[in-house]
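Notebook open, structure loaded. I want to go through the domains, the chain contacts and a sheet.

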Amino acid sequence: MATLELEHVTVRFGANVVLDDVSLSLADGEFVVLVGPSGCGKSTLLRVVAGLVRPERGTVRIAGRAVDELEPPERDLAMVFQNYALYPHKTVAQNLAFPLELRGLARDAIERRVRETAAGLGLGDLLERKPGALSGGQMQRVALGRALIREPKLFLFDEPLSNLDAKLRHEMRAEIARLVARTRITSLYVTHDQSEAMTLGHRIVVLERGRAVQAGAPLEVFARPRTSFVAGFIGSPPMNLIPGRVHAGTFAVGPLRVAVDAPRAADVEGRELVLGVRPHAVCILETTLQDSMGAADADGATAELEVAFVEALGTQTLVTFRLGEHELRASLDGDVRFRVGERRRISISRSGLHWFDQGSGLRIV
Amino acid sequence: MSAWLLGAALALLAEPEAPYAGRELVVMVDEKSFESWSVLEQIARDFEAAHPGLVVRVIDQGGAVGQQDKSRFMLTGDLPLDVTRIDVTEFGAFHAQGALIDIDAHLRALPGFDEANYLDVLDGFRAADGHLFGLPSTFTPYVMYFNRDLLARAGLEPPQPNWTWDDLLAVARATTRDTDGDGRIDQWGISLTQWLQAVVPWIWQAGGDVLDPTLSRSTIGEPAALEALRFLRRLLHEERVASFDATFENQYSQGLFQAGRCAFYGPVGYWETYRFKYLTEFEWDVAPLPRGKHAATAIAMTGYVVPRTSREPALAAAFVAELSGPKYQYTLAEIGNGVPAWKAAATSESFLDPRRAPRSENVFLDVLPEARFLPSLANWRKIEALCQSELQGALLSETYDVAEAARRMQEKTDAFLAGEARRANLPLLPRFALEACFALAVLGALAAWIVRRSREPRRGFASDARGALTLLAPWAVGFLCLFVGPAAVSFALSFCAWSPLESIERVRFAGFENWFRLASDDTFHTSLVATATYAFASVPLGLALALWLAWLLRRESTLAVCVRTIVYLPAILSPVIVAATWRFLLDPDRGFVNHVLGLVGIAGPAWTRSEPWIVPSFVLMSLWSVGAQMLVFLAALQALDPTLEEAARVDGAGPWARFRHVVLPQLSPVLLFNLVLGLVGGFQIFAQAYVLTGGGPGDASRFLVLYLYETGFRHLDMGYASTLAWVLFAILGCFCWVLVKTSKNWVHYAARSRG
Amino acid sequence: MSARSWNLAALAVAGALFALPFVFLLAVSLAPEGRGLAEPLAALRDPHFENYRLALERMGGFGRLFANTLFVTVVSIVGQCLTCSLAGFALARISFRGRDVLFACVLATMMLPEQVTAIPRFLLFRELGLVDGFGPLVLPTILGGAPFFVFLFRQYFLSLPPELDEAARLDGAGPWRIYWSIALPLAKPMLATVAIFTFLGAWNDFWTPLVYLYSDENRTLTLALAGFQRSFNVAVEHMLAASAVVLAPCVLVYFVAQKVFLRGVRVAASKH
């Protein structure tokens, strides 16, 4: 068990900067999820920690000790791969035994540990099978077993669930969560699936094009995304991001008029902003009474918008409104029967508004 | 092996007092018949018995065309070789380059050795100081073979011993005719051989010569020589009594005669006699060459000499005497494998057997008084090669001017002789220079790599790099020692003059001479054109055929699997076997292909014997071996994503459009791969030509690598051979570079993705 | 006629044309001496199997020739497979400085005509005292002399998921261990392919034995066959019979290992 720190890690492949000055630290026993779209460098970051990729600059510390000059095996960590990376020519037992053999353990000790680990993961009956004869879930379990059997200081997970179908993914997600909770081994988990990140991590770190843009508890990141990128990436369905300009203290897009808070108004006057609205924060106003309240509602904004299309998901309904040349998507509970082309009045409460600078993408506080 | 060692050990134990124990003779022979081979074996065993303890190892040249390549390799390699068989025309070269030991004294010390036992042909291996360096194995004067039956049908007598050029012309006129009345001559007076050795006798008869007496200047452009050339040209062109086709290299020129379609065939040597072994359709015989101003003919001969690497010159000389002695010579006479040089054997019934054709076998002995050896100087073969195409042009081409062609032959020869003379005066390369080259190249390559490496940013761990380097070590040793080092040495040699017969200490520095020579070397130009023609014909045709076959085969069915197997099989055969098979398939007279073409009323070409058809023959052969490319295409076709083609089908594309716009672009990487490998392979064609044609007819199949090989090992010019090798490398490098550069425009790689 | 039957007809014709030289070779090799070319079909009525016996007899010491060829072939196969897979593995799976240059070297040697290096190589082997032995035949293969196979192995290893190595690395395996325990077992199809190609190359090689082997006891089959072809008074029938004997093992290997063959070619074809 150990802490993990990354300081100013930079990785370049040719002219391509894959990781740009990334710093990160994990407390002992912490489960941190690295999340970001594909190509953001998250797998590379994992490989830097594992010692498979050598950073151009920066330091990695495990349990307080710089490991930059240590070979992967000397770092005492285990990694679970997206494609499981099981040795196809070895049986499950041999796959599990391989890391122990390399450490020179006695044969009977290896056998015992293999049996124990397999039993713990429900693989007892599969020991003599080769990976080719296993299902995806079973393979992933073997891969977990191979990582566990070593009792490493650190677990690294490289999108371990993305090759599984949706149902299995949920099962395995729970299993990994239980496993990590039980062993209390510090874990770094990479995924592009924000819902995995939200549910698994003690803390999540969002990576965008090689930079760590935000780190924090999942709900904190969800509630206060630091950039428009994070805002769009975390949360499902994704946040509406509507670009526009502030004029005379009002942000206007199509029929939507939003008054900017008085203290901020002066700062943002004339600037190009992005308005972020989570689909859940959009409400439908049913009465004509509220109709008359107009655009100047100090608590948020209202507007009458045309329904562009409707996606009924059963427990909720996603309604997309036309908003000038943009769209505004609302997520409404239950089965809401709107017709395309119909006009509806919506409102967004003040707390549901997120402001970002259009140039830098940074949140405006 | 162990049994052999045990036997040797036992033999040693059994004869502890064997005076020759531990001594060995290594003998290189070049036997083309099993009977003579077994006699040689017997002679060796007898010699061992006479010299207790001595081991005689008999080695066969084993090459495909029988040009003593192997003894040259062994001399180059400084390998122990005590006796070797060489051609008399090579004697000058071997002697001049110090490759032979003077065995005159050893021979004369042998009991019973007497020059009078031999026919008058020993001069072939006699140096200017009168010393004998070797003894003959077999020889033949050049004579005329003729068809007795054909002459009789024409009401003509066989030629008299002192018949003349005019007689030849008269007989030829009388026998040249169109027998089936289709307006084309199909029976000829003469099938004329016309490589330089066979033309020289005519020149001598006219009173001329090819080289002046000091052997430093060509005289082929002088009036007497021209008269001979004009006479031959007259036979071929003005009189049209000598046949044009089937008159190339000796090994193929007998076809017309064998088919009974010409009266005379020559000048050729005794070797034809056993080639006509099965020729019983008509009676054939031999006659001396007709005389011009003088009677003259040339002698071809092989014999045994003792190379400088021999450790046992005295024993070797004794063995040479045995090899050319009566035992072998009587066998030779018996089996009809050559004219024996041993007088008693040559005049015995065994040789002059009246029951066996030719009836007038004595002609081979009767012409000896007027027979001469061809000029014996370094590189007679090279002179032959230099003159070859001009000579053929002068004799065969309608448009050539004889005097002009002769002048060009003379110029080429003179330039070559001058170059040879100059070469002897070039400064010697310092000792160990080549070794230094090798070492420098290896160290230089290592250093360059280390420097280059240090400029790259670090990636991975030191131990990874260490691991990788140890993994690569065996390959790296091979790369440095078998590619980099040798390549550097060969590059250095391209600026040098060196004969492989000389020791490696005698490499001379020649500057850019070899490189300048490229510009004026006609053979090189011909060879380049032939090679390029072959490559640029065989590669696209091969690719198209391979692609078409793969297209047919892409859907699995029983038939497809069978056909796939059959089509691929030829690709795994040795070129030696491919050449052997096609040699007989394409035989112009008896070959299967022409037979089939004949059935459908097409007169098949002369294939490997005709200059315009030789490259197509090789292309045809290469098409048979197209299986490897076919498999690559097939694999690529079967790996294609079928949805793309389905999409195109839905879009309304026809089969051709689908192939052209959907399949072909996806195959383009494989196409590039096959194209590059095909070109590299095509430009390196060697074994087929080596086995099948030896470069002929003319220079038409003297492909670059074959020319390079001949230059180095036959014409003994390693420097120029190295230059040629580098030219080949440069050409290949350019093509590949251009292909790879332009490939960006036509090769489409499937998009790859990795998260 | 439908496209499908055209296709079948074309296939049948192509198959027949390609088979023809084989049939010819076999027919002539079984024909009575001296009649093979004139009437290749004579063999059908009266096959002369003694042509084969005579041909083998006359080639001299067939057992020895076969043993020599087999020895050279087997050593070449083992050497080639190991060295080329080692180099291919290092070039594909280990990241180190200077790697790309080395790979460029592999590609460059693919372009280098054998003849460029032949003479100096010969001198080198002479210095090492290896001439007239099997050293010059097998050493180049042991030292990875066929850059194409290094290339093939590299491509093959590139096609394996890199995570396998990474996992092994984390499990504590070094480069050699990964090569031996992970890469080599996974490369079995490629090993088989290279083994077969090496077999064919070594079995059919003509130039190297021609240059390096002198003694009768060291001759190989192709060398003997070429010598046989050169002999003037060897009957065509015997020559082709000898050819048939020499090519038989290749054909046999091909039939036995056809699948492996195709798989290897597929790798070669698919990874560029």
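My entries follow, one topic at a time.

Before anything else, I note that this is a predicted model.

**Domains of chain C.** I looked up the division of chain C and got domain 1 (3-48) and domain 2 (61-232 + 246-270). Their centres, taken over C-alpha atoms, sit 34 Å apart.

**Chain A against chain C.** I checked who takes part here: 17 residues from chain A and 14 residues from chain C. On the chain A side, β6 (77-80) and α2 (92-102) each give at least two residues. I also sorted that side by class and found 14 nonpolar, two polar and one charged residues.

**Chain B against chain C.** Next I took helix α23 (residues 575-585) of chain B and helix α1 (residues 3-29) of chain C; their axes come within 10 Å and cross at roughly 85°. An angle of 65 to 115 degrees counts as roughly perpendicular, so α23(B) and α1(C) get that label. From α23(B), the contact uses T581(B), F584(B) and L585(B), and from α1(C) it uses P21(C), F24(C), L25(C) and V28(C). By class I get six nonpolar, one polar and no charged.

**A sheet in chain B.** I traced an open, mixed sheet of four strands, ordered β6-β7-β5-β8. Its edge strands are β6 (188-192) and β8 (284-287) of chain B. On average, neighbouring strands are turned by 25° against each other, direction ignored. Helix α7 (residues 165-175) of chain B packs on this sheet and touches β6 and β7 of chain B. The direction of α7 makes about 120° with that of β6(B).

Inside the sheet, β5 (residues 143-147) and β7 (residues 262-268) of chain B run antiparallel, joined by three bridges. I looked up V143(B) too: its bridge partner in β7(B) is V268(B).

How values were computed: Residues numbered from 1 in each chain as written. Chains lettered and ligands numbered in written order. Predicted model: local features only at pLDDT ≥ 70, side-chain atom pairs only at ≥ 80, totals over all residues. Domains from an automatic or database assignment. Contact = placed C-beta atoms within 7 Å. Nonpolar A, V, L, I, M, F, W, Y, C, P; charged D, E, K, R; others polar. Axes fitted to C-alpha atoms, helices over the stretch in contact; angles between N-to-C directions. Parallel < 35°, antiparallel > 145°, perpendicular 65-115°, else oblique. Pairing = 2+ DSSP bridges.
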